[in-house]
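Dear colleague,

Please find the structure below, handed over for your files. My notes on what was found in it follow directly after.

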Amino acid sequence: MPANLTAYQLRSLVLDYLCHSCYTNTARAFNRDSTVRHLDADGDEIVESLNPDGSGFSATVGGRRSAERFEQHLREVELRQEIRTQILSGRVEEAIALLNKHFPSVLSETAASTMVENLGSDSLSSTNDVEYISSTSTEPAHLLLNLHILAFCEACRTVPLEYPTKQGSMEAYSYLTESETSLEPAVNQESLEKLLARAQKLYVRMTMLPNPADHATYLKELERVGGLLAYKVPEKSSISKYYLSLERREAVANQINRAILKRTGKPLISTIELITRHTHVLWQNAHRLGVKPRPGTALPPRNTKTTSLSGADSEFVPTFDLHQFLESKP
């Protein structure tokens, strides 16, 4: 990234981060208060507007059209945040309904193919040469099965897990005392039959995965998840930390969020995060290869706690540590 960024570029980076992180109220306020307006030769107002692919902002004529495009983008961001909140709250069926209504390509192979054709190959890639690839699958069949597995886990739950969690609550259910757990909830035959029916449907969904290589992986997953049925209070089991924790909900919510961004042709991470990751890799490899800095080169601050300033390492460029970099700034 060049050191002499313009005000437009800095504003674009901030707005991109706010929108990507779903801080829509802050984005609206920042957009309103930081917009720089100019007039063209005809006296028409020129303002910055959000690019259709969400990759940044460009100057366009007509403030009303720009504001409408920005609001349209924020409405999509708010829908993405609503789906995430539903998953984090354990309301998986509601999240699936919202996905099918507003982002059908995320859970449908047919809709996904149509979306790719409509967007075009250029729209699915970042405007820069560097692109972040999702670390988790964004295939509709995988996403739908993962959502139904989470819904099954939530149906097995006997101790509510509120979101957002209240201050002082113990997410791993260690707050349950022996006297409380001795009053185990009565599992009636009807609820048990419903859970068994859900488990059977999960198995059928697994056999319907288009790639046979996925069957063995998901079969092991279903075997572990099915272990929740063996406990009257699953939250006190050894597997609850994997399937009944907030981290489990977060993992699925993050995977769905990345899939929405991909299917709508948006970058999977903000530009600031992409630049930070790229910078970290560049300095790390330069240090590993023993690159010596040129005179006058601006270097990242060295972490004196983990790196000795004496010896051969001190002659090479340092690695980039974001926390150390932020702490060194006045």
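C19 counts as buried, at 4% relative accessibility (buried means under 20% relative accessible area, exposed over 50%, and partly exposed in between, with a 1.4 Å probe and protein chains only). The closest cysteine sulfur to that of C19 belongs to C22, and the distance of 9.0 Å is too far for a bond. C156 is likewise buried, with a relative accessible area of 6%. Its sulfur lies 6.5 Å from the closest cysteine sulfur, in C153, which is again too far for a bond. The structure holds zero disulfides, where a disulfide is a pair of cysteine sulfur atoms within 2.5 Å.

This is a predicted model, in which local features need pLDDT of at least 70 and side-chain atom pairs count only at pLDDT 80 or more, while totals for chains, interfaces and linings use all residues. Residues are numbered from 1 along each chain as its sequence is written, and side-chain values use heavy atoms, with hydrogens and water left out.

Turning to the overall picture, the protein has 13 helices and three strands (DSSP runs numbered from the N terminus: H or I of at least four residues for helices, E of at least two for strands). Of its 330 residues, 36% are buried. Among contacts with a separation of 6 or more, 62% are between residues 24 or more positions apart; contact means heavy atoms within 4.5 Å. The accessible surface comes to about 19600 Å², and carbon and sulfur atoms account for 54% of it (Shrake-Rupley method with a 1.4 Å probe; for residues, only the protein chains shown count as cover).

Two serines deserve a note. S238 sits in the loop between helix 9 (213-226) and helix 10 (240-243), and it counts as exposed at 55% relative accessibility. S238 and G227 are eleven residues apart in sequence, with their C-alpha atoms 9.9 Å apart in space. S240, by contrast, is found in helix 10 and is buried, with a relative accessible area of 6%. The side chain of S240 reaches the backbone oxygen of E235 at 3.1 Å. Beyond its neighbours within four places in sequence, S240 is in contact with P234, E235 and S245.

Finally, V204 lies in helix 8 (residues 189-207) and is partly exposed, with a relative accessible area of 43%.

Yours sincerely

Note on methods. Polar contact = N/O pair within 3.5 Å; in protein donor to acceptor, adjacent residues only side chain to side chain.
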